[in-house]
Amino acid sequence: MLVIRNVVRQSLVGLAVLIGLTLLLGVAYPAAVWGVSRLTTHSAEGSQVTDANGCVVGSKLLGVDIAVPAGTPDPYLHSRVVGSADDPFAPGDPSASAASQQGPNSELLAKNIDARRAAIAAREGITPGQVPVDAVTGSGSGLDPDISEAYAALQVPRIARVRNLTPQRVQAVIDAHTSDRQLGFLGQSRVNVLEVNIALGATAPKCG
């Protein structure tokens, strides 16, 4: 009988522990995480960005480089390149995330950087030496949503000309979507490309 009592007691203790941990880790903890995530639904839903019509255009956290047909006026602020094996100037797209795996001694990387520098210089009407470093080098994921203030300023004259705006007006929009260094000392000031384009009138191609 003593053995049976011990088995029953230990079984009841084990069952109590199982029920307690199930409630704690299977119910209370997930509910707490969900509750914290709902404190700001903006981030919980992927930091979605909407256009003037309320249509989702993209995410504040993902770089999307809006491309225009060849030979047509380009009114958009452009992000850092993604690039590919056959196109070193491939625009940013969440479906094209990929690192190049090319190191500082890579001849292919050097060739792609030269091609990007020449293309950007031609697009902006400047010399290749005026193109900032972040314009010709991609981020690790290829989905960096931000660019440097220098690269944004470089594009102001073209955007102003195509959109028939003053450079001051375009720069004011860029300034409104520029973030300072994280915690005041980490990294550099950065411009969110998608938010600028939306503020300048970009809309979702299809909605509803």
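Is Glu124 buried or exposed? At 11% relative accessibility, Glu124 falls in the buried class (buried is under 20% relative accessible area, exposed is over 50%, and partly exposed lies in between, using a 1.4 Å probe and protein chains only). Keep in mind that this is a predicted model, where local features need pLDDT of at least 70, side-chain atom pairs count only at pLDDT 80 or more, and totals for chains, interfaces and linings use all residues. Residues are numbered from 1 along each chain as its sequence is written, and side-chain values use heavy atoms, with hydrogens and water left out.

**Helix 3 meets helix 5**

- Glu124 sits in helix 3 (helices are DSSP runs of H or I with at least four residues, strands are runs of E with at least two, and both are numbered from the N terminus).
- Helix 3 spans residues 107–124 and helix 5 spans residues 149–163; their axes come within 9 Å and cross at roughly 40° (axes are lines fitted to C-alpha atoms, for helices over the stretch in contact, and angles run from 0 to 180 degrees between N-to-C directions).
- On the helix 3 side, the contact uses Ile120, Arg123 and Glu124, while helix 5 brings Tyr151, Leu154, Gln155 and Arg158 (contact means heavy atoms within 4.5 Å).
- Sorted by class, this contact has three nonpolar, one polar and three charged residues (Ala, Val, Leu, Ile, Met, Phe, Trp, Tyr, Cys and Pro count as nonpolar, Asp, Glu, Lys and Arg as charged, and the others, Gly among them, as polar).
- Glu124 itself touches Leu154, Gln155 and Arg158, leaving aside residues up to four places away in sequence.

**Salt bridges**

- The count comes to six salt bridges (a side-chain nitrogen of Lys or Arg within 4 Å of a carboxyl oxygen of Asp or Glu).
- One of them joins Asp144 and Arg80, at 2.8 Å from N to O.
- This pair links distant parts of the chain, 64 residues apart: Asp144 is in the loop between helix 4 (133–136) and strand 3 (146–148), and Arg80 is in the loop between strand 2 (56–59) and helix 3.
- Asp144 is partly exposed at 22% relative accessible area, whereas Arg80 is buried at 16%.
- Arg123 and Glu124 also pair up, at 2.7 Å from N to O, and both Arg123 and Glu124 are buried.
- Another salt bridge runs between Asp146 and Arg190, at 3.7 Å from N to O.
- Asp146 belongs to strand 3 and Arg190 to strand 5 (residues 190–192), so this pair ties together parts that are 44 residues apart in sequence.
- Asp146 counts as buried at 17% relative accessibility, but Arg190 is partly exposed at 24%.
- Through shared partners, salt bridges join Asp74, Arg123, Glu124 and Arg158 into one network.

- Three strands make an open sheet in the order 3-5-4, with antiparallel pairing (two strands pair if DSSP finds at least two bridges between them).
- Strand 3 and strand 4 (178–179) are the edge strands, each pairing on one side only.
- Three bridges hold the antiparallel pairing of strand 3 with strand 5, and Ile147 stands opposite Val191 in strand 5.
- Helix 5 packs on this sheet and touches strand 3, strand 4 and strand 5; the direction of helix 5 makes about 85° with that of strand 3.
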